[in-house]
Amino acid sequence: MADTRNTPIRILLVLSFLLLTIQIKAQDLYPIKDLRKDSLTLLHTNLSLDLTNISSKTLKGIAEIKLVSKINNLSNITLDLEKLTVDSVTHNQTALNFSQGNSKVYCSLTTPKSKDDTVVLKVYYGGTPKTDLSGFGGFYFSGDYAYVMGVGFRADPHPFGRSWFPAFDNFVMKGTYTFEVTTDTGFAAICGGELVSKIVDTKTITWKYELHQPIPSYLASVSVSKYEFLDGNMSTLQGNIPYILAAQASDTQNLTGSFKHFTAAVNAFISYYGDYYWDRLGYNCVPFNGGAMEHACNISYPLFAVDGTVNREDLMAHELAHHW
């Protein structure tokens, strides 16, 4: 039998303790404030990635980052980047002085910027990307797959875009994205946003995606494999919405079976929460055993949940719900 004496007082004490605990934990998670948002507005990031020969477990990239200064006399910009090596940084085709350390790239502008000035940095970088020590988060190479999981469970802070591109790895600096990813023929790249072009060369394919809704770094994504696309326009309560489901040929039948209620889930969320906001709907299958990740338009979804049954469709619906 439960002890109900002084129940209201006990409940109040428990709630007070829980609130205090949450505040302390929050301070522990983010002991250092990211003040870059006070001096810079992030507009757009264009990522050009070379992900050919993924067996080498390396990538090469160019990040073009468009910013606006919020202050006068802006002379330095700091970006987040872990493990990968920066070759050079330019602004208006002029090389900038920079240094790397403590998972940061410190860039010095040749001429200080005034308030409302636009700054476009180009960062040339490459190497073998980092994964988080927790086992969840970062950039993974596994057989004929290369893919990102955008948060690090043990990373501080948790946004983990810095594992694969120079970023402002916080929750408040949001921008739009262009992804241009070059793969070997026989492979496909899938990223957030709308697939706007596919340029086929003799040995490579370059895939271009545009994401028009601003996002924080951890919701950006790329996955590369021998994907086949199950794509089209989904008829929903708000009209047609483009979608892409990506899996290797051997998994597409199971993917179809496990996503038989995909349209019903989308319509349920639209009915309860309003219109879908993003450029398209999407999931890509990856050989990740730790769960799934709700990247914008392009959810990275574990192969163990794609078995032809609907036994794991709660995971499908859970990740989709993040988009409302």
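A residue is called buried when its relative accessible area is under 20%, exposed when it is over 50%, and partly exposed in between (1.4 Å probe, protein chains only). The legends below apply these terms to a predicted model, in which local features need pLDDT of at least 70 and side-chain atom pairs count only at pLDDT 80 or more, while totals for chains, interfaces and linings use all residues. Residues are numbered from 1 along each chain as its sequence is written, and side-chain values use heavy atoms, with hydrogens and water left out.

View 1. Cys191 is buried, with a relative accessible area of 0%. Cys285 also counts as buried, at 2% relative accessibility. A disulfide is a pair of cysteine sulfur atoms within 2.5 Å, and a search of the whole structure finds zero of them. For Cys191, the closest cysteine sulfur belongs to Cys297 and lies 11 Å away, which is too far for a bond. For Cys285, the closest cysteine sulfur is that of Cys191, at 16 Å, again too far for a bond.

**View 2. Confidence along the chain.** The predictor's confidence in each residue is given as pLDDT, from 0 to 100. The chain averages a pLDDT of 92, and 90% of the residues score at least 70. Over residues 1-31, however, the pLDDT is below 50. Contact means heavy atoms within 4.5 Å, and beyond near neighbours in sequence this stretch has 10 contacts in the model. Where pLDDT is low, the predicted coordinates should not be read in detail.

**View 3. The largest nonpolar core.** A nonpolar core is a set of buried Ala, Val, Leu, Ile, Met, Phe, Trp, Tyr and Cys residues joined through side-chain atoms within 4.5 Å. The largest such core has 90 residues. Which members touch the most other members? They are Leu51, Ile77, Leu121, Tyr125, Trp164, Phe179 and Phe262. Leaving aside neighbours within four places in sequence, Leu121 has contacts that include Ile77, Leu79, Val89, Leu96, Cys107 and Leu109. In soluble globular proteins, nonpolar side chains tend to be buried together.

**View 4. A mixed sheet of four strands.** Helices (H or I, at least four residues) and strands (E, at least two) are DSSP runs, numbered from the N terminus. Two strands pair if DSSP finds at least two bridges between them. Here four strands form an open sheet in the order E16-E17-E18-E19, with mixed pairing. Strand E16 (227-236) and strand E19 (299-302) are the edge strands, each pairing on one side only. E16 and E17 run antiparallel and are joined by 10 bridges, and a hairpin links them through two residues. Thr236 has Gly239 in E17 as its bridge partner. Strand E17 (residues 239-248) pairs with strand E18 (residues 281-286) in the parallel sense over four bridges, and Leu245 stands opposite Tyr283 in E18.

**View 5. Helices across the four-stranded sheet.** Axes are lines fitted to C-alpha atoms, for helices over the stretch in contact, and angles run from 0 to 180 degrees between N-to-C directions. Helix H3 (residues 262-273) lies across E16, E17 and E18 and runs at about 45° to E16. Helix H4 (residues 313-321) lies across E18 and E19, running at about 165° to E19.

**View 6. An antiparallel sheet of three strands.** Three strands form an open sheet in the order E3-E7-E6, and the pairing is antiparallel. The edges are strand E3 (74-80) and strand E6 (97-101), each pairing on one side only. Neighbouring strands of this sheet are turned by 20° against each other on average, direction ignored. Five bridges join E6 to strand E7 (residues 104-113), and Ser99 has Tyr106 in E7 as its bridge partner.

**View 7. Backbone features in loops.** Asn73 is found in the loop between strand E2 (59-69) and E3. Its phi is near 65°, a positive value in a residue other than glycine. Asn73 counts as exposed, at 57% relative accessibility. Asn102, in the loop between E6 and E7, also has a positive phi, of about 55°, although it is not a glycine. Is Asn102 buried or exposed? Asn102 is exposed, with a relative accessible area of 71%. In the loop between strand E10 (145-149) and strand E11 (175-184) lies Pro157. The peptide bond from Asp156 to Pro157 is cis, with omega near 5°.
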